[in-house]
Amino acid sequence: MKNVAIAGATGAVGQELLVLLSERNFPIKSLKLLASARSAGKTIKFKGEDIVVQELRHDSFEGVDLVLSSAGGSISKEYMPSAVKAGAVVVDNTSYYRMNPDVPLVVPEINPLDIKKHKGIIANPNCSTIIMLLPLFPLYKAFGIERVHATTYQAASGAGAKAMEELRLESVALAEGKTFERTVIPHQYAFNLFPHNSSYNDGGKTATPTGYCEEEWKMIAETHKIFGDNNLRVNATCVRVPILRAHSEALNIRLSKKTSVAEIYDVLRNAPGVEILEDPSKNRWPMPIDASGKDPVLAGRVRVDQSQENAFDMWVVGDQIRKGAALNAIQIAELL
C-alpha cells in the first residue's frame, strides 16, 4: 500500500488519474490531491470518500511514496525536486523532464526496464508519441523501420479541460449564429482545423528545427529516446481538429524487411495495448468516438504505399487522456 499524491488533481489528466486508480484498484494507503491555490478547498470524491484539494507547496510531499504529476512543465520544474528530496518517486506527465538524459522516458509496453534507471523522476511521453509508438514498436521489432511520417489529427483534450469546454461552447454558439470569444485556443476551433498551436520556431534559438512546432519535434526526439535509436528517420505534421477527445494519426512507414499487409496485421493483433478495429466491406475504420474512454490504441486501414518500395500506410486512434497520459503514468507506477 502506497501513499500517493496527484499534482494537478483538478485538471483533465488529474481527473482521469483518479478514475484509473479506482478502476485498476491501485494499492493506495492514503491519497493527497494537490492543485493551485485557487483550487484549494474544493472536494473531489474518490471511492466514495470526499477528499479536500490542498495547495501544491514544497512541503506537500512529506510521507508520500508516489507522485503522479500533471500540473504543467513550469510547475514540475519548481516542485518535483522537492518531492524527490522528500523520498517520493515522481511519474511526471509534463514535457519538462522528457529529454533530460538522467530521466527515463517510458512506455511500459516498449521500454519497461528503463524504469530501473530512475533517479527519483520518470517521464511520461507526449500523447501523440505514445499513440504512434504503441503500434509502431512491434513492427520495428519484427521488420525494422527505416522511416516513419506521422500526420496527426489532435483533439481538444490535448490542450486540457478548459480547451474541451471552450470547443463545446463555441460549437453551440456558432451553430446558433452567435459570436464567441475564445481564451484558450488562438483560432476558431469549432468547424475548423489548423496546424498545431504549440510553439513554432521561426528561426529562433530553440531545440526545435526552424519551421517545426514543438509538438512535431517532440514526436521525433521522444521516439529516438524511447527506441534508443537515433538513426530512425521520423517526421511529423501535427494538426488540431475540432474533436473533444482522442487523437488520430495517419502513419506512413518504410520497413527494412520485405513483408505483406497480412503479416503486418498478424503482428498488430498480438501487440500489447493495440486492437484492430475495422470492417472494410462497410468502409469502417477506427474513429475518435471508438477510442474515447478506452485503453487500447485502435489500428486499421493498413495498405501498401504505391509510391515507394516496402512502405505501408496505417491509421491509428487513441484516447489522449487515457493511454496518451493518465493510463501510461499509472502503468509506470504499477511496474514500480
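**Sheet edges, packed helices and a cysteine pair**

Pro195 stands opposite Val239 in strand E11. That pair belongs to a predicted model, and it sits where strand E10 meets E11 (residues 233-240): two bridges join these strands, which run antiparallel. Zooming out, E10 and E11 are part of an open sheet of seven strands with mixed pairing, and the order reads E10-E11-E9-E12-E15-E14-E13. The edges are taken by E10 (194-195) and E13 (274-276); each has a single partner strand, so one side of each is left without a neighbour in the sheet.

Two helices pack on this sheet. Helix H3 (residues 127-143) touches E9 (145-154), E11, E12 (247-255), E13, E14 (297-304) and E15 (311-318). The direction of H3 makes about 25° with that of E12. Helix H5 (residues 214-227) also packs on the sheet, and its contacts are with E9, E11 and E12. Here the direction of the helix makes about 145° with that of E11.

As for the cysteines, the structure holds zero disulfides. Take Cys213: its closest cysteine sulfur is in Cys238, but the gap is 5.1 Å, and that is too far for a bond, because a disulfide needs the two sulfur atoms within 2.5 Å. Seen from the other end, the nearest cysteine sulfur to Cys238 is that of Cys213, and Cys238 is in no disulfide either. Both residues are tucked away from the surface in terms of accessibility: Cys213 counts as buried because its relative accessibility is 4%, and Cys238 counts as buried at 1%.

Methods: Residues numbered from 1 in each chain as written. Predicted model: local features only at pLDDT ≥ 70, side-chain atom pairs only at ≥ 80, totals over all residues. Heavy atoms only, no water. Buried < 20%, exposed > 50% of the residue type's maximum accessible area, 1.4 Å probe, protein only. Pairing = 2+ DSSP bridges. Helix = DSSP H or I, 4+ residues; strand = E, 2+ residues; numbered from the N terminus. Contact = heavy atoms within 4.5 Å. Axes fitted to C-alpha atoms, helices over the stretch in contact; angles between N-to-C directions.
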